[in-house]
Each structure stands twice: as structure tokens, then as C-alpha cells.
Amino acid sequence: MQETRSSSSQVDLLYRSKEEIREIQNGRFRQQVALCFKAHPYYQEVFARLHLMPDDFQTLDDVHKLPVTTKQDYMKNPQAFRLNALAEFLPQERILWDVSYTTGTTAGIPTPFFNTTHDYFAILEQLKRLCDIMGITAQDTVMNLFPLTPVPHIGFLRTRDYATVIGAPVVNALTGTPYPAYPVHRHLDDAIRMVEQHKGTVLSGIVSYVRRVVMRAEELGADFSHVRLVAALGEPCPRGMREDMRRRLVRLGADEQQLKIGNALGFTEMQGSTGECVEFGGGHNPAPDQFYFEVVDEQTHGPLADGQHGLFTVTHLDRRGTVLLRYLTGDLNAISNETCPHCGRQGPRVVTNTVRTAELVKLKGTLINPDIIKEAIATIDGIEEYQIVFTKEQQDDPYSPDRLLVRVAAPHHEKERISIQLFTKVVEAAEMRPVIDFVGMSEIFDPTKALKSTRVVDLRPVE
């Protein structure tokens with residue numbers, strides 16, 4: 001069942017021509033769809049309903065014959081998106097290697113994502129290429145700052161894996177909410193001491209938590225002089241936040257000329273992330289032979305041209321566990337399929353900041369993208385944590401006027417300056433007058449209780 005693939009073709013794939021990559025994608029797509037016809041409960045129903053046959057799918061252009069798959073479709077019955085093991089499958093294609101779970105569902109119920117051995121080996125190949133893109137090598141010491149949570153998630157699992165596959169030492173901090181039955185978790189200060197002790201060169205974790213680590217390290221006077229790369233994942237890291245972390249790390253001893261703070265789009269359904277070759281250079285797809293990225297119109301779901309902003313979709317090309325076709329990740333993005341001007345790699349790059357569709361809100365009759373407010377806040381020095389809250393002037397009255405509240409944690413002696421600057425910046429960015437409320441850091445984000453900070457909250461009652 002399994003095709004033979006030479007190691008050299010894997011190494012240089014992203015430097016091959018667009019035509020060669022597309023030919024590989026088309027071949028993998030035909031094979032993936034053929035397996036779905038034979039063994040995928042959900043898509044078997046879709047194919048039957050639309051009277052489609054395997055011959056209807058010859059190239060990736062034919063993927064548009066299918067409707068998009070939404071998170072709701074997937075969450076209703078995750079088992080229906082798992083290939084049934086066929087008699088023709090090799091052991092690697094049928095054995096369940098691991099299960100990870102989505103962590104960002106609005107319902108709060110984690111959704112399982114199944115990986116066979118075949119899938120896991122493919123993930124390792126993807127992660128090896130990702131390290132090459134980001135500049136992580138076997139000489140690095142990777143600090144895994146993703147928390148150890150009750151739900152297995154890709155941040156913790158795949159940081160461990162990407163270091164392993166390139167032969168780099170990885171140190172797992174094991175922070176998170178303590179479990180009384182087995183007290184294996186460590187505290188934030190322990191993680192900082194481990195960075196010092198092991199001379200960590202790469203800090204890998206969720207943006208808001210890595211920043212919290214760096215802030216606490218400053219308070220402790222820690223030595224982070226060996227840190228040269230921050231792999232800030234899990235949420236957007238705008239320019240202002242990157243510069244804030246950069247300034248703090250330099251004060252902790254990092255070399256400003258060598259320091260890189262990268263951000264990427266990662267999601268469970270990819271089992272990894274995109275990667276920047278240079279800061280703000282766009283997030284490369286490290287495995288176009290495994291995943292097909294496309295941006296589609298929000299209303300028609302038709303494909304959009306390079307650079308146009310729309311709903312981000314992924315189509316699996318070579319999986320044996322969970323398989324998704326034209327899957328809407330819940331993000332708004334734009335991509336470029338042009339050769340990267342910085343490194344010369346081919347394949348799509350995500351070239352705009354990711355916007356979560358669930359975060360778009362209507363305030364006082366105007367549709368607001370909270371990202372513009374986040375960008376404005378990130379330019380203000382001294383803010384330790386923040387949260388954007390949409391509420392009502394009278395919380396128990398759904399017909400009272402909308403109110404924009406910005407909750408902020410900051411040093412006491414900086415509050416007056418920050419309040420003035422924050423008010424001005426938010427008005428300029430969103431044309432809305434905010435109410436500013438200073439609170440403690442843990443009231444906004446407590447890393448012992450949450451995987452990542454909740455930057456946007458809508459508390460308005462439903463009419």
C-alpha cells in the first residue's frame with residue numbers, strides 16, 4: 001500500500017519547482033480521496049449525497065466539488081472522520097500511535113484527533129522541515145514551556161517531538177495545574193531555573209505564557225544569555241509584543257543581534273505549525289505534500305487569489321487516522337504561493353496575522369476586529385497583561401448601550417501614564433472610547449489554570 005519515498009526528495013522538497021510540488025500533491029490527493037471512498041464514514045455519505053465517484057477527483061482543483069467541512073461537522077462525530085483500517089493497510093497504517101485533542105472549541109469539549117504510526121512518522125518529517133525553516137538545530141537546547149495538561153495537546157507533544165527528530169536535547173518544564181493524585185507538575189520559577197541550569201537556547205511555548213516566563217525571569221534576575229530563539233505559538237504575537245519580549249530578553253543577557261522571536265499558525269488538525277524563516281516573513285507550510293492550504297470566500301466558499309483575506313482551509317493529503325478535506329480551521333488569513341523572497345522556498349506561506357472568526361464582534365452596530373485593538377495595546381510599554389471585554393453599560397439589560405472595557409495589569413507607578421496612552425491608542429485604532437480597569441495579572445491570566453490567555457471576552461447578554 002505504501003509508496004517508496006527517497007530521503008533526498010524529502011529534504012529538498014520545498015526547493016523544488018511549483019510544478020513538481022503540485023504534481024506530488026495531485027498524486028497524494030487522488031490516493032487520499034480513494035481511501036475516503038473506501039473507508040471514511042463521513043465523506044462516504046458526502047460522496048453518495050453528491051453522486052461523486054473516485055474518477056471525479058484527479059487534481060486538487062477538483063476539491064471544490066466538495067462542500068467545506070466545519071468544526072461543528074467534525075465535533076459532532078469525530079469517529080466518523082477516522083479511516084477504517086483496510087485489509088490492504090500495512091501495520092504502520094492501522095496501528096493507533098497517539099491521540100491529541102483540540103483545545104480551542106467554543107463548546108469547551110475537546111475533540112480527539114487520531115494518529116496512526118504512519119501519521120506519526122509523517123508528523124516527524126513535517127517537524128524536521130519546520131526546524132530547518134526556523135533555524136533550530138541539533139546544537140540547540142529546546143525548553144518546552146507548554147504546560148502538561150489533562151488533555152494531550154500538540155503544543156506539548158510536538159515541541160518534544162521536533163527536538164527529538166533533529167537530535168536536539170529537550171527539557172520539559174512540566175508546568176500546569178497540579179494533579180493531587182500524582183504531583184509531577186513544576187512551578188513557573190522552576191521553569192526559569194531550568195532555563196538557566198540547562199542553558200536553554202530555544203524557548204518554545206504559548207505566546208502569553210512565554211512572555212510571563214520572561215517577565216518573571218526579570219523579577220528574579222535570571223540569566224537567559226543563551227536564549228537565541230523564541231518559538232512563540234498558540235496565538236498571534238504582534239510586533240509590539242515581540243519587541244516587548246525582545247527588550248526583556250536582552251536585559252536578561254540575550255544577544256540582541258542574534259535573537260529571533262518567531263510566531264506561527266499551528267492547529268491540531270495539522271499536528272504542527274507553519275514557520276517563519278525570518279521575522280514577519282510569512283509562515284511556511286513545511287509539508288505541502290501532506291497538507292493543502294487554501295483561502296476561500298466567507299460567503300461562497302470559492303477559492304480566493306493570493307493575498308486575498310478569507311477563511312483558511314486545510315485538506316489532508318496523506319493520512320490514515322483522522323482525515324479532513326476542505327476543513328475550515330476557524331481562522332481568517334491570506335496566503336502567498338510565490339517563492340519566498342527571504343529563503344527561496346516554495347509552497348504556500350501565511351502572510352497575514354491570523355484572526356479567529358469567533359473573535360469578530362459587532363459593537364455599537366460596527367463589526368470590530370479585536371486584533372487592531374491588540375496591536376495598539378502591544379505598542380504600549382509597561383503593560384503586563386490585558387484583556388478586551390465587550391459588555392453593556394447595564395449588564396442585566398440587553399438593550400442598554402454597548403461598552404468596550406480594557407482590563408489591564410501594570411505596575412502601580414505606571415498606571416497614570418498607561419491609562420492615558422491606552423485610551424488614546426484604542427480610540428485611534430477602533431474609534432471607540434474604552435473604559436480602562438486595572439486588575440491583578442492572575443485575574444486576567446493564571447497559567448496554572450489555563451492553557452493560554454483569553455484576550456477577548458464578550459459578556460453581553462443575548463437579547
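Predicted model: local features only at pLDDT ≥ 70, side-chain atom pairs only at ≥ 80, totals over all residues.
## Nonpolar cores

In soluble globular proteins, nonpolar side chains tend to be buried together. In this model, the largest nonpolar core comprises 57 residues. Leu145, Leu203, Phe224 and Leu249 are the residues with the most contacts inside this core. Helix 9, which spans residues 207–220, gives the most to the core, namely six residues.

Leaving aside residues up to four places away in sequence, Leu203 touches Met143, Leu145, Val195, Val210, Val214, Phe224, Val227, Leu229, Val230, Ala231 and Leu249.

## A nonpolar patch on the surface

Nonpolar residues also occur on the surface, where Tyr179, Tyr182 and Val184 form a patch. Together, these three residues have about 370 Å² of accessible area. Tyr179 belongs to the loop between strand 4 (170–172) and helix 8 (188–198).

## Aromatic pairs and a cluster

A pair of aromatic rings is described by the distance of the centres and the angle of the planes. The structure contains 15 aromatic pairs. One of them joins Phe267 and Phe312, whose ring centres are 6.1 Å apart. Their planes meet at 75°, and the pair is therefore edge-to-face, since planes over 60 degrees apart count as such.

Which parts of the chain does this pair link? Phe267 lies in strand 8 (residues 266–267) and Phe312 in strand 13 (residues 310–316), distant parts of the chain that are 45 residues apart. Both Phe267 and Phe312 are buried.

Elsewhere, a single aromatic cluster is formed by Phe29, Phe37, Tyr42, Tyr43, Phe47, Phe57, Tyr74, Phe81 and Tyr327.

## Positive phi angles

His51 is not a glycine, yet its phi is positive, at about 55°. His51 is located in the loop between helix 3 (41–49) and helix 4 (71–76). With a relative accessible area of 68%, His51 is exposed, because the cut-off for this class is over 50%.

Lys199, likewise a residue other than glycine, has a positive phi near 55°. Lys199 is found in the loop between helix 8 and strand 5 (202–206). Is Lys199 buried or partly exposed? Its relative accessible area is 45%, so Lys199 is partly exposed; this class lies between the limits of 20% and 50%.

Note on methods
Residues numbered from 1 in each chain as written. Heavy atoms only, no water. Core = buried A, V, L, I, M, F, W, Y, C linked by side-chain atoms within 4.5 Å. Buried < 20%, exposed > 50% of the residue type's maximum accessible area, 1.4 Å probe, protein only. Helix = DSSP H or I, 4+ residues; strand = E, 2+ residues; numbered from the N terminus. Contact = heavy atoms within 4.5 Å. Patch = residues over 30% accessible without salt bridge, like charges linked within 9 Å, V, L, I, M, F, W, Y side chains within 5 Å. Areas by Shrake-Rupley, 256 points an atom, 1.4 Å probe, with all protein chains shown as cover. Salt bridge = Lys/Arg side-chain N within 4 Å of Asp/Glu carboxyl O. Phe/Tyr/Trp six-rings, centres within 6.5 Å; stacked < 30°, edge-to-face > 60°.
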